[in-house]
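Me: Hi! I'm new to reading protein structures, and I'd like to go through one with you. Could you show it to me?

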Amino acid sequence: MAERFLPAEDPVLENVLRWTVERDARDVRRLLEWLPEARSSRERKALLGRVRGLLQELEAAMDQLDAMH
């Protein structure tokens, strides 16, 4: 993301959103690494469900960050 010239209207929210993006991206990567090692289709589906949920949260946080700029 580009550097801002003016401070955010809500710097706490901006920091929380940035933390959320970093954490969710890290968690998605970890879950996708575990996917090939899943022992059953039930485990794979559970992992994919969690990845989908994190991707939705990640997209929402990035959209909110974009709206702040």
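Me: Great. What kind of model is this?

Reply: It is a predicted model.

Me: OK. How many helices and strands are there in the protein?

Reply: The protein has two helices and zero strands.

Me: Where does H1 run, and how far does H1 reach from its first C-alpha to its last?

Reply: H1 covers residues 11-34. Its 24 residues reach 35 Å from the first C-alpha to the last, close to the 34 Å expected at 1.5 Å a residue.

Me: And how far apart are the end C-alpha atoms of H2?

Reply: They are 41 Å apart. H2 has 28 residues, which should span 40 Å at 1.5 Å a residue, so the two values agree.

Me: Nice. What covers the buried residues of H1?

Reply: The cover includes H2. For H2, in turn, what covers its buried residues includes H1.

Me: Which residues of H1 are buried?

Reply: They are Glu14, Leu17, Thr20, Val21, Asp24, Asp27, Val28 and Leu31. In H2, the buried ones are Leu47, Val51, Leu54, Leu58, Ala61 and Leu65.

Me: What share of the residues counts as buried in the whole protein?

Reply: Of the 69 residues, 25% count as buried.

Me: Which residues make up the largest nonpolar core?

Reply: Seven residues do: Val28, Leu31, Leu35, Ala38, Leu47, Val51 and Leu54. The elements that give two or more residues to this core are H1 and H2, which is helix 41-68. H2 supplies the largest share, three residues. Apart from this core lies another one of five residues, including Leu17, Leu58, Ala61 and Leu65.

Me: Let me pick one from the largest core. What does alanine 38 touch?

Reply: Leaving out residues up to four places away in sequence, alanine 38 touches Glu43, Arg44 and Leu47.

Me: Changing topic: how many salt bridges does a search of the whole structure find?

Reply: It finds five. In general, side chains with opposite charges can pair when their charged atoms come close.

Me: Which residue does glutamate 14 form a salt bridge with?

Reply: Its partner is arginine 18, and the closest N and O atoms are 3.1 Å apart.

Me: Is glutamate 14 buried or exposed?

Reply: Glutamate 14 is buried, because its relative accessible area is 9% and the cut-off for buried is under 20%.

Me: How about arginine 39, what does it pair with?

Reply: Arginine 39 forms a salt bridge with glutamate 43, and their closest N and O atoms are 3.5 Å apart. Arginine 39 counts as exposed, with 74% relative accessibility, while glutamate 43 counts as partly exposed at 30%.

Me: Now the surface. Which residues form a nonpolar patch there?

Reply: Val12, Leu13 and Val16 do, with about 240 Å² of accessible area together. Valine 16 sits in helix H1 and is partly exposed, with a relative accessible area of 43%.

Me: Last one: where is aspartate 10?

Reply: Aspartate 10 is in the segment before H1, and it is partly exposed at 35% relative accessible area. Its C-alpha atom is separated by 8.6 Å from that of methionine 68, although these residues are 58 apart along the chain. On contacts in general in this protein, 65% of those between residues at least 6 apart in sequence join residues at least 24 apart.

Key: Residues numbered from 1 in each chain as written. Predicted model: local features only at pLDDT ≥ 70, side-chain atom pairs only at ≥ 80, totals over all residues. Heavy atoms only, no water. Patch = residues over 30% accessible without salt bridge, like charges linked within 9 Å, V, L, I, M, F, W, Y side chains within 5 Å. Areas by Shrake-Rupley, 256 points an atom, 1.4 Å probe, with all protein chains shown as cover. Salt bridge = Lys/Arg side-chain N within 4 Å of Asp/Glu carboxyl O. Helix = DSSP H or I, 4+ residues; strand = E, 2+ residues; numbered from the N terminus. Buried < 20%, exposed > 50% of the residue type's maximum accessible area, 1.4 Å probe, protein only. Contact = heavy atoms within 4.5 Å. Core = buried A, V, L, I, M, F, W, Y, C linked by side-chain atoms within 4.5 Å. Expected span 1.5 Å × (residues − 1).
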